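Morning, everyone. I'd like to walk through the cores and the helix packing. Please look at the model first.

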Amino acid sequence: MAATSPVRIERHGAVAVVVIDHAPVNALSKGVRDGLAAAAATLAADPDVAAVVLSGGSGRFVAGADIREMNLPPDEPYVPDVIAAFEALDKPVVAAIDGPALGGGCELALGCDLRLASPKALVGLTETRLGIIPGAGGTQRLPRLVGIAQAIALVSEGRILKAPEALALGIVDEMVEGDLLAAAIARAPHAPKRRLSELAVPAGDAAGEEAAAAAALKGAKGLPAIAEAVRVVRASRAVAFADGMADERSTFLRLRESEAAKALRHLFFAEREAGKVPGLDGAKARLVGQAAVIGAGTMGAGIAVALADAGLPVTLVERDGEAAAAGLARVRDLYARPVKSGRLTQAEADRRLAGIGATADWQALAAADLVIEAAFEDMAVKQDIFRRLDQVAKPGAVLASNTSYLDLDAIAAATARPQDVVGLHFFAPANVMRLLEVVRGKASAPDALATALALAKRMGKQPVVAGNGDGFIGNRIYAAYRRHAEYLVEDGASPQEVDAALQAYGFAMGVFAVSDLSGLDIGYAMRKRRAATRDPAERYVELADRLVEAGRLGRKSGAGWYSYDAAGAMSADPAVAAMIANARAAKGIVPRTFTPDQIQRRLLAVMANEGAKALQEGIALRASDIDLVFVNGYGFPRLKGGPMFAADAMGLSAVLAEVEAASAAGGAGSEPAPLLVERARAGRGFADWRA
């Protein structure tokens, strides 16, 4: 092998250690596959080698395929052939798993005769997370090891197992506490040949297998790969190994080219791109050992739980003792739910709760390295809080606002240290939702922003950096989406038709059902605040205002766009239909019908158009950031990749034509974005646009 190969052979007497060294995670790139294939051929021809150990080095094994290569045509040597070459060796092959063995890396380990793991090992067939199935024997070897029912669950869920669980299931043969590589070298010469491809699939339990398949299909959420994974795994008992491999491979290759897989790969890369923020080179996050949250309402309590779950002690600060006690009660309720469902032990919940305190004493903020304001969405209220923070917060503390719409720079201007101010826009419920919009003010210091990004990672959130502008990325685009949904209703569609079209597209809920869930009074108050500055040339639909004024606030009042019974079941309300008909008549609108496809195309187009404006204005750094915001914060279907990705798939010429129609319907504010016009005329998409 060439000296530059990421794979090398090291000899330890009669044991050959094949070392994979391809930073950062030993992905199965073309170079790694070439190196492994060459190593297998070399070892097969060397009579002095009695046994082989596969090692990824300290803290590693093989974390899976090189996802970048999935957008290219398959290239030899193929992973199944590489694994088959090691499995065919007449000498024992031991996998020394000291880190992630995921996807193709797990399949490589399954092609070995013995699997040893350190406590750091992670094992799993994660391909369904990318809209595909294992393509290198995972669906055929795993059932021979753990049975069909367990294999269905593991493959369909893309579950990642820690070493003890992998050991309990028999996927790993032994867990080594000490020097893993030394143990593997010592055991290798004495390990028996045990090719999983030659084992029979265990008889299993028909009812258990049926239940596993049903559970997998129920949780598929429209992902075709799940049904295919179930089918191919179940077939492993009925067909010869070679036939099962051929079926698996052809299915893998077909799914690899599917629109769902392309969308999921797009999001995979989008997550990695989101962390690349201009101006942060060399900026180090500040140390955060203590956090505080001002405001212990629904959002503040959720933020406190998210911080405590990340291991941070948290102080909740409220206006008085009664409000502080109520906030702490909300926190207890938030922990009671996962305890009741079995997702969290009572002991662990108690441990986290012990780290959360509540007080009305603002001096408690003096110890905090991070203060998050989660007060009512009112500029005067927030400015007063930040003005007071100047008196108590210690120098260097990061001061964050959870504002979802307001001008962060105006909030920061209330302090003498605007460089310490960032926006941290959590999404409700804050302890559950993955998205965190990190808002960069004009004065935000690089290390303050770096602290916010490090905090997001610590909390397991997906951060997306946004510029300062009304509604930032998400709420700005969502406002356009909601506004045009209301235009569709006033022009002839019913709220149910709009919501049904959105659900058919892949949203969990339609826009009107979401509005009812959030509470119509929230949007009402915002619209009233903005009424004086609204462009008179912008079309305005009063329907949502009339609903609120009639006491229909959404689910919490039992009626909004829909009606709700005592059990919370939703139904269309003739009273709402009458209000809509009256509104149309008052404006002389003759209602027309809209197909689900027309509704979907119109709303996708206006989202992409507003996204293009956010890109041009520098509010969003890249189109993929917008996709992350909508997939993780607004229920946009992952299998469609986000509004900007979906717009590219639709074709920007078609999107522009739809936006021009939307602009005619909506008036001021709905005009085509210059960036959309430029991209459409050039025959380009948003994906390769850079500011």
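Some ground rules. This is a predicted model, where local features need pLDDT of at least 70 and side-chain atom pairs count only at pLDDT 80 or more, while totals for chains, interfaces and linings use all residues. Residues are numbered from 1 along each chain as its sequence is written, and side-chain values use heavy atoms, with hydrogens and water left out.

Cores. A nonpolar core here is a set of buried Ala, Val, Leu, Ile, Met, Phe, Trp, Tyr and Cys residues joined through side-chain atoms within 4.5 Å. Buried means under 20% relative accessible area, with exposed over 50% and partly exposed in between, for a 1.4 Å probe and protein chains only. The largest core has 94 residues. Leu389, Val498 and Phe686 have the most contacts inside it. Which helix gives the most to this core? Helix H24, residues 596-616, with 10 residues. Helices are DSSP runs (H or I, at least four residues), numbered from the N terminus. Another core lies apart from that one, with 70 residues, including Leu36 and Phe61.

Back to Leu389. Leaving out residues up to four places away in sequence, Leu389 touches Ile294, Trp362, Leu365, Val371, Leu399 and Arg417. Contact means heavy atoms within 4.5 Å.

Now the helix pairs. H24 packs on H26, residues 643-650, at about 115°, with axes 9 Å apart. Axes are lines fitted to C-alpha atoms over the stretch in contact, and angles run from 0 to 180 degrees between N-to-C directions. H24 and H26 are therefore roughly perpendicular. The cut-offs: under 35 degrees is roughly parallel, over 145 roughly antiparallel, 65 to 115 roughly perpendicular, and the rest oblique. On the H24 side, the residues that meet H26 include Arg601, Leu604 and Met607. By class, that contact has 10 nonpolar, 1 polar and 1 charged residues. Ala, Val, Leu, Ile, Met, Phe, Trp, Tyr, Cys and Pro count as nonpolar, Asp, Glu, Lys and Arg as charged, and the others, Gly among them, as polar.

Second pair. H4 (residues 138-146) and H10 (residues 241-256) pack at about 135°, axes 8 Å apart. That makes H4 oblique to H10. The H4–H10 contact divides into 2 nonpolar, 4 polar and 3 charged residues.

Last pair. The axes of H27 (residues 652-666) and H28 (residues 674-682) come within 8 Å and cross at roughly 140°. H27 and H28 are therefore oblique to each other. Their contact has 7 nonpolar, 1 polar and 1 charged residues.

Key: Helices (H or I, at least four residues) and strands (E, at least two) are DSSP runs, numbered from the N terminus.
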